[in-house]
Amino acid sequence: MNKSCYYCGSVNIVKNGRTYYGKARGKCKDCSRQFVFERQNKMLSLEQKRLIELLLLERISLAGICRVVNIPAYHLYRYMDELYGEVPQDLNAQVACKAESQLKCYECESDELWSFVGFKANKQWLWVAQDRKSRQIIALHLGDRGAAGAKGLWEEVPEHYRQQATFFTDEWEAYKKVIPAARHASSAKKKNTNHAERFFCTLRQRCARLVRKSLSFSKRLERHLMAIRFFVANHNLSLLL
């Protein structure tokens, strides 16, 4: 029998009768919430939640995570949605806004990565903008590979970067239609985007959804985007350590 509150973990609990189905019920004196002592669908423990957070950052399928943690799929999906909803809009990119004279030294690399949702014909291109100095991803966008996708990325870039930073890209025409010429430096040479492409290698190695030949692929566009944002936000945090 559980000896602590399912919601807050307090052991300051008392018996509180039985449910309609005859199961013993308890009540927490600290949070005042009621719960059933013997649950069929138990809540995730703190240890299980922490393990799920770590496994979501590695190249392992969702079914594999369920097997490792020994939980049903609906528990995993519910907690995943909770985690994804907590990802900050700025992706934890903590590059300080400096004086205007210093902002002119800001340099970013932009590139795009192929992915798909549901089936391979449903292409979803991941556009990213990466700060060259800190290696942090300052913006990302999921869409097509045309001007609309480039515009979506540009709108996600923080304002002070759009005003002062230089963006290095390859010769893809979509960038030239969106990035102002004064802020744009394009070249066919890979050295212009080698940091962004190195980050894409990391994504391919760590995110099962982005592996080219894999059974682990996203079935919903929203979850596809949020899973990538979750990884990028944690990646940016790791660069601060």
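Which residue in strand 2 stands opposite V14? I looked it up, and V14 faces K27.

**Ground rules.** I am working on a predicted model, where local features need pLDDT of at least 70 and side-chain atom pairs count only at pLDDT 80 or more, while totals for chains, interfaces and linings use all residues. Numbering starts from 1 along each chain as its sequence is written, and side-chain values use heavy atoms, with hydrogens and water left out.

I find three strands in an open sheet, ordered 1-2-3, with antiparallel pairing. Strand 1 (13–18) and strand 3 (34–36) are the edge strands, each pairing on one side only. On average, neighbouring strands here are turned by 35° against each other, direction ignored; the axes are lines fitted to C-alpha atoms, and angles run from 0 to 180 degrees between N-to-C directions. Strand 1 and strand 2 (residues 24–28) are joined antiparallel over four bridges. For the record, two strands pair if DSSP finds at least two bridges between them. Helices (H or I, at least four residues) and strands (E, at least two) are DSSP runs, numbered from the N terminus.

**Cores.** A nonpolar core is a set of buried Ala, Val, Leu, Ile, Met, Phe, Trp, Tyr and Cys residues joined through side-chain atoms within 4.5 Å; buried is under 20% relative accessible area, with a 1.4 Å probe and protein chains only. The largest has 34 residues, and I52, L56, Y84, L126 and L203 touch the most other members. Elements giving it two or more residues include helix 1 (46–55), strand 5 (119–131) and helix 9 (221–240). Helix 9 gives the most, seven residues. I then checked L56: beyond its neighbours within four places in sequence, L56 is in contact with L62, I65, M80, L83, Y84 and F230, contact being heavy atoms within 4.5 Å.

A cavity is a set of points on a 1 Å grid over the protein atoms alone where a 1.4 Å probe fits but cannot get out; a pocket is an open set with protein on both sides within 12 Å along at least five of seven lines, and lining residues have an atom within 4 Å of a point. My search of the whole structure gave one cavity of 30 Å³ or more. The largest cavity has about 50 Å³, and its lining includes S110, W154 and Y175. Helix 5 (147–156) gives the most to that lining, three residues.

The largest pocket holds about 430 Å³. Of its 26 lining residues, S61, L62, Y77, R209 and F217 lie nearest its centre.

Definitions and conventions: Buried < 20%, exposed > 50% of the residue type's maximum accessible area, 1.4 Å probe, protein only. Points joined across faces, edges and corners; volume = space filled by probe spheres on them.
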